[in-house]
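Take a moment to look over the sequence and the model. The paragraphs after it walk through a few of its parts.

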Amino acid sequence: MTKTIVEVSSLVKQYGSLRAVDDITFELYEGEVFAFLGPNGAGKTTTVEILECIRPLTSGSARVFGYDVTQSNDVKEIKKRIGVLPQDFSALDKLTVKENIDLIGGMYEKKLDTNEVVKLLDLEDKAKERFENLSGGLKQRVGVAAALVNDPQLVFLDEPTTGLDPKARREVWSVIENLKTLGKTVFLTTHYMEEAQVLADRIAVINKGKIAVIGSPQDLVSQYGGRKVLVVRKGGKELARTLQNRYGSTFEHYGDVIVKVDDVKEMWQIMSTLTDMKMDKEIEIQSPTIEDVFLKVVGGRITEEGELK
Amino acid sequence: MKRTLAIFTAVTKNWLRSRSGLFFSIMFPVLLLLLFGAIFGGGGGTSTYSLFVQNLDRTADGAPTDLSNAFIEALNSTETFNIRDVPADANATSYAREALGPLGGNIRILIIPEDFQDDLLNGTMKVRVSVSYSTLLTAYPYFATQLNETQRIAVEQGIAQLGQYNATYPQRTTSLTLILDSADQSAAIVKGIVINIANAFNYGLIGAKNVINFSEEQPSTAKQFRFIDYYLPGVIAAFIMTNGIIGVTTNTTEFKRRGITKRLSITPLTKIEWILGNVLSQTLLNLMLTAIIVVVGWLIFKVQAIPDPVSIAIIFLGSVMFSGIGMLLSGLVKDVEAASAIGNAIAFPMMFLSGTYWPIEFMPSYLQSIAKVLPLTYFSDGLRYAMIYKYSEGIVTNTAIISALAAVFIIVGALVTRWKEK
């Protein structure tokens, strides 16, 4: 039976007239990577910070490892057991990588050997480098190392790849995948669709403080993602008319012909039609993604900067 | 304790490796000490004031008269003035302005008038006659009874003739002209010296001897302290204050802005451990600052005001007090720019109003009232009492005030430091 690590029930966080977190309920299970996916201002960080015991809740309840985040004695227990990579992680500039990890480690009664953590995050070459001289990706890796130094059971990663270039982002993804193999439970917040889809076992789509949908990426895609599409690159208007007449759900977009396909059988029929027409254009089959799910349940897309459009 | 020590170590290392931090915390105070020490600390000869002198009292062949020349010599003998002659036929002010050149400087001109010597001698004679007549009138009743009739008549005739001579002798005085810029900070000193020399001439020419004399002694201890020794505790106190109010405020606000404080607050670290770690780091910095300032002062200016254990205890308490103010301010402001602005706005007026660089008595009474509520006043006074005067009552009183303020600021600093988001 899967053990519940985090239990959130009817959680509300109110700032004056603004309801940043609006009556949300969810659970986190041991060993899973759980992603909060939503635009800036959706309530992701507020929720995470309530669970990290650094932000008070307005109403509802939140328990981590069974401990209540509102009780000071429980807070001490929670803080011992969690590791955190906060949003926009930073450290003391003039200290080295190892010294910064040591600093965080020094806050705990029990901690891992710093060299071990450095090795785990593949930071051995940079251990004596000052934090100020590191690239963005390496800084995030130091942040993850600091989050792991107390050997936590639950790791919060708040927007771990925001502002990183694609290469650095992939490096951080690899680190997160490793955490899963180490048996850590990971609570990830992100506004990158691909990140949530690649890394998470379960995703909660959150917008305006409310959870819109929650489930595994596969379930969400099959439930809300819509149909697969077949794209004929530069197929032209004539082909679009032909396919529309035979199969419906076809349109032309910047010269490409896009057909929404119900099932595999229909896919083969369309391919056969294209073969009969001796079509030599490039063909691409696209499956629905979390982005489609998001578009469907929220009614917008998230920009690179995290804004809802 | 372990966590406080970890914060202390990390913050101290971070500071020691920061060039700008080191400059403003250590090098800048040392440079200021060197600068003030060079100005006030002795070495390299005494300072002199430029003084233009136009001597209009000349003989028929154009040479200065003996007495006017002697007056200028007397000015020279003080070794206070760099005397520059102004030709007798020149406009003294225009001449001085031209001589000072485009970069300017303060105009100080002494004009010795024509007939200075004659007027001085005649005026002196009148004074001598007047004093003699007055003395005889006062003394005569006491010895008249011892004289016979003939002697009495002769003396009375003599006194009457002297009285007549005194009444008819012309009253002549002479007047020196001193032209000084109203903005000249040294005007009072120059004027005081010139008046002293004029008075010495007045008394010397009538043959008067000083009745009141002065002897100068040090107020305390066997050591011979100089200005730089008195200045040293002020420099130490002032920069411990700026390190606390500007340094701690900007550093901790920067930690807050960059999320470092927030990251630490997620760990088991408590707010008071965080504050104590920072305060201890600041205290170490201030002890290092004190050691460096004292060593530099000793090597270059041979200062004798070396901190003893009592002074070190006061420095510790002062560091805690000003770090507490720094923590308090950083708890109130949101960004580093505001922290720097508010730190400077508090530290600099306090530095100049607390008697660290000049005595509080020099300031107007309303500023003296302000000085009495500034923590730096008690810190620099306490330190000066401990390092120089060894004045127990002053040490105890000021240390008690510093301790109480340190406790208040640390407690209030802890209260306003946010350890949880809203």
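This is a predicted model: local features need pLDDT of at least 70, side-chain atom pairs count only at pLDDT 80 or more; totals for chains, interfaces and linings use all residues.

Start with chain B. An assignment divides it into domain 1 (7-41 + 226-416) and domain 2 (49-205). The C-alpha centres of these two domains of chain B lie 53 Å apart.

Now pick out Met241(B). It sits in helix 8 of chain B, which covers residues 227-257. Is Met241(B) buried or exposed? It has 29 other C-beta atoms within 10 Å. The cut-off for a buried residue is 20 or more, so Met241(B) is buried. Set aside its neighbours within four places in sequence. Met241(B) is then in contact with Phe322(B), Ala347(B), Met350(B), Met351(B), Leu376(B) and Phe379(B). Phe348(B) is 107 residues away along the chain, yet its C-alpha atom is 9.6 Å from that of Met241(B).

Move to chain A. Helix 5 (residues 136-148) and helix 6 (residues 166-181) of chain A pack with their axes 9 Å apart, at an angle of about 20°. Angles under 35 degrees count as roughly parallel, so helix 5 and helix 6 of chain A are roughly parallel to each other. Their crossing is right-handed. Helix 5 of chain A brings Gly136(A), Gly137(A), Gln140(A), Arg141(A) and Val144(A) to meet Ala168(A), Glu171(A), Val172(A) and Val175(A) of helix 6. By class, this contact has 4 nonpolar, 3 polar and 2 charged residues.

Last comes the contact between the chains. Chain A gives 23 residues and chain B gives 21 residues. On the chain A side, helix 2 (72-81) and helix 3 (97-105) each supply at least two residues. That side of chain A has 12 nonpolar, 2 polar and 9 charged residues.

Methods: Residues are numbered from 1 along each chain as its sequence is written. Chains are lettered from A and ligands numbered from 1 in the order in which they are written. Helices (H or I, at least four residues) and strands (E, at least two) are DSSP runs, numbered from the N terminus. A residue is buried if 20 or more other C-beta atoms lie within 10 Å of its own, exposed if 12 or fewer, and partly exposed in between; C-beta atoms are placed from the backbone. Two residues are in contact if their C-beta atoms, placed from the backbone, lie within 7 Å. Domain bounds come from an automatic or database domain assignment. Ala, Val, Leu, Ile, Met, Phe, Trp, Tyr, Cys and Pro count as nonpolar, Asp, Glu, Lys and Arg as charged, and the others, Gly among them, as polar. Axes are lines fitted to C-alpha atoms, for helices over the stretch in contact, and angles run from 0 to 180 degrees between N-to-C directions. Angles under 35 degrees count as roughly parallel, over 145 as roughly antiparallel, 65 to 115 as roughly perpendicular and the rest as oblique. A crossing is left-handed if the near helix is turned anticlockwise from the far one by less than a right angle, and right-handed if clockwise.
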